[in-house]
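I opened this notebook to keep track of what I looked up in a structure that was new to me. The entries follow the order in which I went through it.

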Amino acid sequence: MTIEIRNASFSAGGVILCEINHSKFGWIPYSANVDDQDEIGRKIHAEALLLNPAHFVESVPVAAFGSRSEALSALSAVIDSVMAPLSQFVPLDERLGWGAKAAAASAVINGNASSNQKAMIAAEARITQEDEGELAQIIVSLSDAFSAASGAAAGIRRKYRDLIDEITDPHDYEEVISSAEGELSSLISEYFAGVSQ
């Protein structure tokens, strides 16, 4: 009995993957093994060998980032994504005033606030119905946490940039960037633990 075979190629385990022309179902996939318990399976394997099957080629994983430049861009994107939730719902005008607000809150706590600084804290406390002194403490705590997070982000960027510069195999970039994300996320969680927002 002649068996029509096409598209033969070796798999990783030495089995020949091919298609056979079945009398009822037409062309169907088939795995032919030299040690097949069924005689027809061994026969298909022998005939498939005559087709000079394509050799199995181990696939090489593609690096997520192919160059230093791509890895550095990914590092920046990861840092941005970790930092973004800290301020993503706060309007830009308000964010630009955070430094002055923190200075006002600190001055209120220390008892040397100017009339403008007192007015700034009092205006927010009036709306939120918080005690001005307690609000000032919250503002200072948040400011300290944000400052620490910002410093950590800068340190992470520089530390992992240097690690990226040392890499010779692009496949290693992804692990370094993942480590940067994990370290910064952990630090931010630590800085904001117990801080009221």
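The entries below go from the whole chain to single residues and their pairings.

**Entry 1, the whole chain.** I note at the start that this is a predicted model. I looked up the secondary structure and found seven helices and three strands in the protein chain, and, reading along the sequence, I wrote down the pattern β-β-β-α-α-α-α-α-α-α. The radius of gyration is 33 Å, while the globule rule gives 16 Å for 197 residues, so I recorded the chain as more spread out than a compact globule. Along the principal axes, the C-alpha atoms fill a box of roughly 100 × 40 × 25 Å. I also looked up burial, and buried residues make up 28% of the 197 residues.

Together with Glu-130, Glu-132 and Glu-134, Asp-131 forms a negative surface patch.

Side chains of opposite charge can pair when their charged atoms come close, and my search of the whole structure gave six salt bridges. One of them joins Glu-47 and Lys-43 at 3.8 Å, N to O; these two are four residues apart in helix H1 (residues 39-49), and therefore separated by about one helical turn. Both are partly exposed, Glu-47 at 22% relative accessibility and Lys-43 at 32%.

Which parts does the salt bridge between Glu-124 and Lys-101 tie together? The side chains meet at 2.7 Å, N to O, and since Glu-124 lies in helix H5 and Lys-101 in helix H4 (residues 98-110), the pair ties together parts that are 23 residues apart in sequence. Glu-124 is partly exposed at 27%, whereas Lys-101 is buried at 16%.

The last pair I noted is Arg-161 with Asp-162, whose side chains meet in a salt bridge at 3.3 Å, N to O. Arg-161 is partly exposed with a relative accessible area of 28%, and Asp-162 is partly exposed with 37%.

Definitions and conventions:
Residues are numbered from 1 along each chain as its sequence is written. This is a predicted model: local features need pLDDT of at least 70, side-chain atom pairs count only at pLDDT 80 or more; totals for chains, interfaces and linings use all residues. Side-chain values use heavy atoms; hydrogens and water are left out. Patches are made of residues with over 30% relative accessible area and no salt bridge: like charges are joined within 9 Å, nonpolar side chains (Val, Leu, Ile, Met, Phe, Trp, Tyr) within 5 Å. Accessible areas come from the Shrake-Rupley method with a 1.4 Å probe; for residues, only the protein chains shown count as cover. A salt bridge is a side-chain nitrogen of Lys or Arg within 4 Å of a carboxyl oxygen of Asp or Glu. Lys and Arg count as positive and Asp and Glu as negative; His and the chain ends are not counted. The place of a charge is taken as NZ of Lys, CZ of Arg, CG of Asp or CD of Glu. The radius of gyration is taken over C-alpha atoms; the globule rule is 2.2 Å times the number of residues to the power 0.38. Buried means under 20% relative accessible area, exposed over 50%, partly exposed in between (1.4 Å probe, protein chains only).
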